[in-house]
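Subject: Structure handover

Hello,

Here is the structure for your files. My notes on what was found in it follow directly below.

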Amino acid sequence: MTSTPDLARDTGLHRRLTRRQLTMIGIGGAIGTGLFLGSTLAISKAGPAVILAYVACGLVALVIAYALAEMTVVHPTAGAFGAIAHKYLGRWAGFVLRWTYWSMQVIAIGGEVIAAGIYVHYWWPKLPLALMVGVFAVVVLAINSAAVKIFGELEYWFAMIKVTAISVFIVLGVIIIFFGLPHHPSTNFSNLTNHGGFMPNGLSGVATAMVFVLFSYIGTEVVSVTAAESENPERDVPRAARSMILRLGLFYILAILVVVAVVPWTVTAQGGALDASPFVKVFSAAGIPAAAGLMNFVVLTAALSSANTNLYLTTRMMHSLALHRYAPRWTGRVTAAGVPRNALVVSAVGLLIAVILSWSSNSQAYLILFGISVFAAIVVWLLILATHIAFRARRKRDGLPPSPVQLWGAPVTTAVTAVFLVGVLVSTFYIDGLDPAWKFGIPFFAFLLIAFVITNSRRKGDPSADATGEEESSAALVS
């Protein structure tokens with residue numbers, strides 16, 4: 001008898017996620033502090049020209065999404081692009097990519113819950129930040145402990161709150177821009193040029209803002225990670241990826257246009273301070289304090305939703321590493337409900353780091369975590385693009401048919417995107433406050449390569465370790 005179709009290629013993961021859930025999980029993973037809070041930093045660097053940065057980075061995210069969809073349709077396996085990199089670039093790439101992604105998202109989880117604590121200060125400024133971070137950590141842990149079907153449904157509605165709120169925000173912004181509100185005249189588009197011009201800090205300002213804007217799109221790769229738990233990955237993954245990126249691009253560009261058009265960018269930025277979201281400031285400037293409080297609740301939900309999705313990602317990545325013997329075997333075990341609970345506990349280290357940092361560094365902890373994780377995020381995208389090039393070359397060499405989904409213009413578009421990402425990565429070296437990116441990034445990758453050499457030497461002679469993880473029986477991994 002063949003294995004049950006509910007299992008994701010015998011890894012113990014259950015195929016329970018629908019296409020609508022995949023799309024909203026992808027949006028939930030991307031729409032978080034990168035847009036609602038990190039956009040403050042981007043606006044402070046580029047002014048109104050930050051819109052151009054969002055367009056450019058949206059195109060980059062679209063390339064990444066299509067490259068991932070092209071590969072994932074052929075290989076809908078646990079570990080997604082990490083396992084695919086293992087197959088096409090070699091063991092070192094599978095090891096480095098998955099551990100880098102795991103580490104990046106662990107840190108991102110910390111950044112999101114710290115941001116959530118900052119949002120709570122809008123109502124209760126005297127509450128200790130560490131206390132709120134601890135409470136939120138328990139919440140996301142509880143949700144991720146549930147079966148994947150429950151997680152998918154909860155995250156669907158979390159993401160729906162964000163999408164609805166951004167839509168309402170855009171509509172209200174359009175009304176303020178063209179018609180105005182009682183006690184607040186229409187702004188038109190004068191704020192785009194009145195305060196130093198559309199590009200007050202020149203092209204260098206736009207280039208500097210790219211790193212903060214790019215981070216808004218990090219998380220879109222979640223759709224490929226969910227392939228192993230999708231009901232029909234060959235059909236749903238490419239559709240969800242395309243729908244997610246198009247929605248994100250539309251939301252991001254229109255929302256940022258509203259932000260810089262309604263309120264002078266000099267007021268919104270406030271030197272890049274992180275004490276409140278620019279979205280909240282738009283409502284406050286419009287004289288609608290109740291709406292500002294509601295929007296603050298929405299961005300709080302957005303941060304928690306993003307942290308929730310990121311914790312899901314880290315758990316699945318560690319599960320994949322365990323299948324390849326690159327993480328302790330016990331982290332690959334799953335419960336009867338299909339949850340890699342041991343991997344979940346280990347991945348929760350980011351929540352612990354967040355509590356410690358929020359206790360000692362207050363709101364500056366967000367910038368520290370941002371600087372470290374953005375370095376790893378860009379490297380992960382670069383390795384995904386390298387895998388895509390190798391994937392296409394191998395299939396052509398072996399005479400295999402092309403993937404049902406193909407990235408337009410590849411490999412040229414793949415190479416151009418890689419050059420752009422390298423440029424953004426180099427720019428972090430010159431941005432004040434992001435020095436942790438290089439200070440911790442380079443030693444981290446050196447450590448990973450050393451760890452790979454040691455781990456790989458120990459796993460030699462284990463034939464099951466050379467496969468992509470599908471051969472692991474669920475019986476051996478389900479606790």
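The whole structure holds 17 aromatic pairs, a pair being two rings of Phe, Tyr or Trp (its six-membered ring) with centres within 6.5 Å; planes under 30 degrees apart are called stacked, over 60 edge-to-face, and the rest tilted. The rings of Phe95 and Tyr326 are edge-to-face, because their planes stand at 80 degrees, with the centres 5.1 Å apart. This pair joins distant parts of the chain: Phe95 belongs to helix H6, and Tyr326 to the loop between helix H14 (289-323) and helix H15 (341-347), 231 residues apart. Helices here are DSSP runs (H or I, at least four residues), numbered from the N terminus. Phe95 and Tyr326 are both buried, where buried means under 20% relative accessible area, exposed over 50%, and partly exposed in between (1.4 Å probe, protein chains only). The rings of Phe444 and Phe445 are also edge-to-face, with centres 5.5 Å apart and planes at 75 degrees. Phe444 is partly exposed at 23% relative accessibility, whereas Phe445 is buried at 15%. Both belong to one aromatic cluster, along with Phe375, Phe429, Tyr430 and Trp438.

Please note that this is a predicted model: local features need pLDDT of at least 70, side-chain atom pairs count only at pLDDT 80 or more, and totals for chains, interfaces and linings use all residues. Residues are numbered from 1 along each chain as its sequence is written, and side-chain values use heavy atoms, with hydrogens and water left out.

Next, the charged residues. A search of the whole structure gives 2 salt bridges, each a side-chain nitrogen of Lys or Arg within 4 Å of a carboxyl oxygen of Asp or Glu. Arg392 and Glu70 form one of them, at 2.8 Å from N to O. That bridge links distant parts of the chain, with Arg392 in helix H17 (residues 364-397) and Glu70 in helix H4 (residues 50-74), 322 residues apart. Arg392 is partly exposed, at 23% relative accessible area, while Glu70 is buried at 2%. Asp398 and Arg397 also form a salt bridge, with the closest N and O atoms 3.2 Å apart. Here Asp398 is partly exposed at 41% relative accessibility, and Arg397 is exposed at 63%.

Arg98 lies in helix H6 and is buried, at 0% relative accessibility. Apart from neighbours within four places in sequence, Arg98 has contacts (heavy atoms within 4.5 Å) that include His86, Met317, His324 and Tyr326.

The largest nonpolar core has 138 residues; such a core is a set of buried Ala, Val, Leu, Ile, Met, Phe, Trp, Tyr and Cys residues joined through side-chain atoms within 4.5 Å. Helix H6 (residues 91-120) supplies the largest share of this core, 17 residues. Val50, Phe81, Trp99, Phe169 and Trp381 touch the most other members. Leaving out residues up to four places away in sequence, Val50 touches Ala42, Ile43, Val213, Ile256 and Val260.

Lastly, Phe189 sits in the loop between helix H8 (148-178) and helix H9 (202-217). Phe189 is partly exposed, at 35% relative accessibility. Its contacts beyond four places in sequence are Ile177, Phe178, Leu257 and Ala261. Phe189 and Ala261 are 72 residues apart in sequence, with their C-alpha atoms 5.5 Å apart in space.

Regards

Notes: Helix = DSSP H or I, 4+ residues; strand = E, 2+ residues; numbered from the N terminus.
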